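Good morning. Please look at the structure on the screen while I go through a few of its parts.

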Amino acid sequence: MITQPDFEAELRHLSIDPAPLGPLVVDLADADHFVVAGPGTGKTTALALRALKLILVDEVDPASILATTFTRRAAAEVRSRILQRADQIRQSLLAKGSLALKGRLSRIDFNRIRTGTLDSLSQEILTDYRPLGSYPPVVIDQYLGDALMLRAGLFDHGRFRRQELVDYAVRVLGTSRGLSPKKLSAFVREIHERALYDRTDLNAFAGAGIHAGIPIAVDAIEAYRAYLAASGQVDFALLEQRFLDDLRSGRLKKLQEEVQVVLVDEYQDTNFLQELIYFELAKGAKAKGGGITVVGDDDQALYRFRGATTSLFSAYPGRVHDAVGIQPQQVNLVENRRSTDDIVTWTNDFVRLDGEYHGVRVPNKPALIRRRQAAGRFPVLGMFRPTMQELAEDLTQLIDSVVNGSGFPIPRSKLVLQRSPQGGSAADVVMLSSSPLEEGESGPLLPLELRRRLGGLPHPIKVYNPRGRDIASVPEVGQLLGLILACVDPTQNGPNLIPNLPREALNVFTVWRQEAHHFQASNPAPQAPLPIAQFVAAWAARTPIRPRSRGRAPATWPRDAPLLQLVYNLLTWFPYFQSDLEGLAYLEAMNRTITTASNLGKFDACILGGPSVPPQVADKALVELYWNVFVPLALDFIEVDEDLLETLPRDRLGIYSIHQAKGLEFPLVIVDVGSSFKQRHWAHAFKRFPRDEGPSSRIEDQLRRFSPLGVPARQGRDRCFDDLIRQYFVAYSRPQDVLLLVGLDALRAPQNSVEHVALGWDRTGTWHWRGLGNLTMV
């Protein structure tokens with residue numbers, strides 16, 4: 001269609017230098033690549049340009065390209081980047097090309113490229129290529145999987161009460177603190193998922209005599225899987241297992257004949273099951289004269305706790321050669337265009353500190369090189385104070401000076417930290433931490449202290465941290481759900497219909513009802529068309545709210561009333577859910593819960609009533625609402641959708657976990673390295689300087705004994721140290737202009753300092769950055 005020189009000229013016209021991308025924008029469709037892409041090096045652009053080169057130069061059909069990545073946000077970014085660059089190049093070529101070229105360009109439909117997460121593509125493909133007369137897979141959300149594990153796996157036969165299972169969970173988790181039904185359900189679900197991801201023989205695992213609680217956990221898993229199979233449902237792990245089975249059985253032969261090019265982003269977060277899927281797709285691509293390109297960075301692997309196996313990335317060239325018979329060419333993307341010299345240098349130095357970590361990195365991995373034009377020269381900053389309260393106060397003053405004032409002067413320099421006059425705002429500042437939670441067992445944490453102080457400024461700065469609180473604990477959420485319970489189950493009979501309902505859920509229901517009672521007593525606006533108390537009373541009595549008028553038949557209560565409609569009726573009295581961005585995020589989570597329940601339940605998430613409904617049928621519908629909606633919300637199975645965190649509101653300072661911030665970048669990044677670490681306490685050692693192998697490694701070691709992968713060669717404690725190094729490498733590589741580390745003075749004390757990997761400690765106990773003299777303190 002166009003020549004290679006013409007394609008590279010178009011890239012230069014877009015201010016893209018093709019040289020660093022090397023083979024990705026030169027090689028033919030049958031080439032295979034192993035791309036090691038550091039932070040800020042443009043890996044998403046590289047993947048997009050690889051696809052465009054194949055379409056425009058090699059005339060590969062867009063429909064034969066399959067591009068996948070780890071998260072929905074990243075998948076949307078890949079698709080957006082492909083379509084954006086495609087449109088730019090096409091418009092340029094149309095403006096100067098021949099009539100024949102214009103005709104061919106106009107016929108290309110770039111939208112036909114398959115993009116998505118592996119889960120979304122699996123669901124789409126299994127739906128589109130299913131045999132005639134069969135049903136598409138019904139995929140349940142993570143929250144419903146947790147709730148069903150609780151209901152079908154643990155409560156069935158009273159397994160959750162078996163002391164052997166509790167003892168096993170305590171042994172693996174390392175503590176009995178907070179071992180709630182939710183936590184026990186999550187523990188068993190992790191075994192279920194990891195067993196699928198690692199291809200573990202569960203029967204062998206159960207019969208090995210490792211612990212008396214394991215057979216009970218496996219029984220719960222089998223009951224959970226049987227429940228899903230009987231109802232035609234799968235969770236994400238089972239969906240991937242089904243996708244692999246269909247690829248290997250030949251049921252997806254047509255797909256394999258169509259896919260010529262496979263592009264995989266974020267490969268460092270791949271698990272063994274996913275690797276096998278990619279290898280099957282690669283075999284089909286090679287048979288069609290195509291190839292596979294994988295992109296990732298082992299230093300940014302954050303999801304081992306979800307079953308990812310980082311060594312699959314670092315050992316990828318050998319593994320894909322053994323499985324598929326290809327030898328991929330390694331391409332190193334090292335030119336960081338995001339951050340300043342000081343930040344790139346800091347990040348490079350940090351990742352090289354721990355000598356033991358070098359052995360698990362991609363061999364001969366080059367350091368990052370700063371290529372950002374006109375990069376500033378702010379040093380890496382530090383703010384450490386004796387107490388969390390003092391830290392929050394001084395950090396608030398700094399943020400206020402930057403966002404609202406004339407800037408914050410950097411000590412011993414002429415530099416002033418201030419927002420950009422070209423549209424700078426509070427959204428240019430984010431705080432990252434291992435967890436964004438605002439309250440812990442001992443009280444408020446730094447995110448809440450900061451929220452309160454920023455909100456009390458003369459010119460308040462709002463915070464956006466919807467994952468900082470359990471949804472069930474948000475007062476407005478409790479008030480709304482309490483009102484729903486008062487409408488749906490006014491006699492509080494629902495819990496009596498459910499044996500073994502978790503005591504924790506019952507306690508939350510009581511709190512919700514109390515909050516709703518106080519809310520009604522406050523007589524909130526609006527009063528028209530009727531006060532809130534009258535609305536709830538009408539629902540409780542199943543009395544039609546529409547007034548009777550002359551000439552019209554008496555109104556009757558509907559046979560089924562959608563729960564979602566009740567929610568939106570009640571929103572009349574809750575401006576918080578209509579205009580506040582965090583409120584909207586919580587509302588989306590509740591709506592998603594109800595929508596999922598309506599798709600999967602027998603009664604479509606409806607409240608049944610009226611004279612035509614037998615009481616026992618109405619009770620069954622009520623029980624279904626409790627199990628599928630109220631219990632998951634009460635036990636905090638529901639999380640805010642990560643896609644809602646993609647675009648930070650311009651008037652708010654964001655607070656994220658480091659995991660949530662992966663793939664994002666900001667002008668000023670504050671990294672909380674230990675605002676609650678007052679001493680070397682064992683309870684938080686796993687967050688800073690692990691003492692043992694930790695829960696994820698224990699489960700991994702046990703399951704891998706019965707997996708083709710085998711037991712990891714690396715000790716569990718070392719894997720925990722590796723995880724921490726990667727976590728803070730990701731945090732330190734997010735800022736564009738300024739990196740500020742904050743914590744307590746105990747972290748930099750000359751004697752008996754609290755050890756922390758993030759501050760230059762290696763696993764041998766050597767403190768390479770003793771005293772943190774390499775930071776400019778503010």
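The C-alpha centres of domain 1 and domain 3 are 33 Å apart. Where the two meet, 19 residues of domain 1 and 20 residues of domain 3 take part in the contact, contact meaning heavy atoms within 4.5 Å. Domain 1 covers 4-131 + 243-333 and domain 3 covers 370-467 + 648-777, while domain 2 is 141-234 and domain 4 is 471-638. These bounds come from an automatic or database domain assignment.

Some notes on the source. This is a predicted model, in which local features need pLDDT of at least 70 and side-chain atom pairs count only at pLDDT 80 or more, whereas totals for chains, interfaces and linings use all residues. Residues are numbered from 1 along each chain as its sequence is written, and side-chain values use heavy atoms, with hydrogens and water left out.

Glutamine 330 sits in strand S8, residues 329-333. Strands (E, at least two residues) and helices (H or I, at least four) are DSSP runs, numbered from the N terminus. Is glutamine 330 buried or exposed, or partly exposed? It counts as partly exposed, because its relative accessibility is 34%; buried means under 20% relative accessible area, exposed over 50%, and partly exposed in between, with a 1.4 Å probe and protein chains only. Leaving aside neighbours within four places in sequence, glutamine 330 is in contact with Phe34, Val36 and Val362.

Threonine 310 is in the loop between strand S7 (291-296) and helix H14 (311-314). At 10% relative accessibility, threonine 310 is buried. Which residues is threonine 310 in contact with, apart from neighbours within four places in sequence? They are Gln268, Asp298, Ala301 and Arg726.

Serine 696 belongs to helix H27, residues 694-704. Its relative accessible area is 18%, so serine 696 is buried as well. Setting aside neighbours within four places in sequence, serine 696 is in contact with Glu190, Arg194, Arg304 and Phe305.

The largest cavity is lined by Phe350, Leu353, Asp354, Ile725, Val757 and Trp761. On a 1 Å grid over the protein atoms alone, a cavity is a set of points where a 1.4 Å probe fits but cannot get out, and lining residues have an atom within 4 Å of a point.

That is the end of my part.

Note on methods. 1 Å grid on protein atoms, 1.4 Å probe; cavity = no way out; pocket = protein on both sides within 12 Å on 5 of 7 lines; lining within 4 Å.
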